[in-house]
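Thanks for coming. I have one structure to go through, and I will keep to what can be computed from it.

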Amino acid sequence: MTGQTIHLRLALLAILLSAFGTLRALGQEKPVPGVINELTPDDFARLVFDWREGGDFKYVGDKPAIVDFYATWCVPCHLLRPRLKAIAKEYEDEIFVYSIDAELAPNLSYLMGVQAYPTILFIPMKEVPTIAAGLLPEKDLKKGVEELLLGKKPKADD
């Protein structure tokens with residue numbers, strides 16, 4: 001392998017990590033407000049819902065949450081990422097934003113009803129989650145946070 005090939009591979013790895021890298025330290029027990037927290041299926045069970053136990057959905061978090069189910073090859077998923085980062089920052093004191101590679105968690109994705117990428121779960125504290133598929137505009141993400149997660153009434157111009 002030439003030096004140029006190694007540099008190209010390292011550059012590609014850096015791009016992928018910046019787009020979909022883990023935004024929380026390994027082994028961290030709590031989600032970080034204001035950023036997208038990358039989850040494994042085990043993290044999902046611990047921070048969102050213990051899907052391995054079965055039964056009705058019961059959110060275990062202490063703030064409402066958005067969960068983004070994405071695929072690394074999915075262009076709309078890449079386009080959604082900056083919108084989710086902006087939402088995480090804007091609502092950092094009110095919600096958590098999570099992300100999970102659906103293809104690395106096929107059983108969880110199936111159980112949560114993921115049929116397309118990206119799929120977003122809006123998870124309020126005590127109600128049933130709402131699912132949305134596709135590349136949502138930022139205004140729709142904000143509307144989901146405001147109405148579904150924070151319980152605010154819709155504005156007259158919506």
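Residues are numbered from 1 along each chain as its sequence is written, and side-chain values use heavy atoms, with hydrogens and water left out.

Confidence comes next. pLDDT is the predictor's confidence in each residue, on a scale from 0 to 100. The protein chain averages 85, and 80% of the residues score at least 70. Helix H1, residues 3–20, has the lowest confidence, with a mean of 44, and strand S2, residues 65–70, has the highest, at 98. Over residues 10–26 the pLDDT stays under 50, and the model has 23 contacts there beyond four places in sequence. A contact here means heavy atoms within 4.5 Å. Where pLDDT is low, the predicted coordinates should not be read in detail.

Now the layout. The protein chain has five helices and five strands, in the order α-β-α-β-α-β-α-β-β-α along the sequence. Among contacts between residues at least 6 apart in sequence, 65% join residues at least 24 apart.

On surface, areas come from the Shrake-Rupley method with a 1.4 Å probe, and for residues only the protein chains shown count as cover. The accessible surface of the protein chain comes to about 9,200 Å², with 59% of that belonging to carbon and sulfur atoms. I call a residue buried under 20% relative accessible area, exposed over 50%, and partly exposed in between. By that cut-off, 39% of the 158 residues are buried.

The helix I picked is H3.

Buried residues in H3 are Cys77, Leu80, Arg81, Leu84, Ile87 and Ala88. As a general point, an α-helix has 3.6 residues a turn, so residues three or four places apart point the same way.

Ile87, in H3, is buried because its relative accessibility is 0%. Beyond its neighbours within four places, Ile87 contacts Ile66, Ile95, Glu138, Leu141, Lys142 and Val145. Leu141 is 54 residues from Ile87 in sequence, with 7.6 Å between their C-alpha atoms.

Pro137 sits in the loop between strand S5 (130–133) and helix H5 (138–149). Its relative accessible area is 35%, so Pro137 is partly exposed. Its C-alpha is 8.2 Å from that of Leu80, which is 57 residues away along the chain.

What about the cysteines? Cys74 is buried at 3% relative accessibility, and Cys77 is buried at 1%. A disulfide would be a pair of cysteine sulfur atoms within 2.5 Å, and a search of the whole structure finds zero.

Over to strand S2, where Val67 is found. Val67 has a relative accessible area of 0%, so it counts as buried. Not counting residues up to four places away, Val67 touches Phe44, Val48, Tyr98, Ile100, Thr119, Ile120, Leu121 and Ile123. Val67 and Ile131 are 64 residues apart in sequence and 9.5 Å apart, C-alpha to C-alpha.

Outside four places in sequence, Trp73 touches Glu103 and Tyr117. Tyr117 is 44 residues from Trp73 in sequence, and their C-alpha atoms are 9.8 Å apart.

A cis peptide bond joins Tyr117 to Pro118, with omega about -10°. Pro118 lies in the loop between helix H4 (106–111) and strand S4 (119–123).

Terms used
Buried < 20%, exposed > 50% of the residue type's maximum accessible area, 1.4 Å probe, protein only. Helix = DSSP H or I, 4+ residues; strand = E, 2+ residues; numbered from the N terminus.
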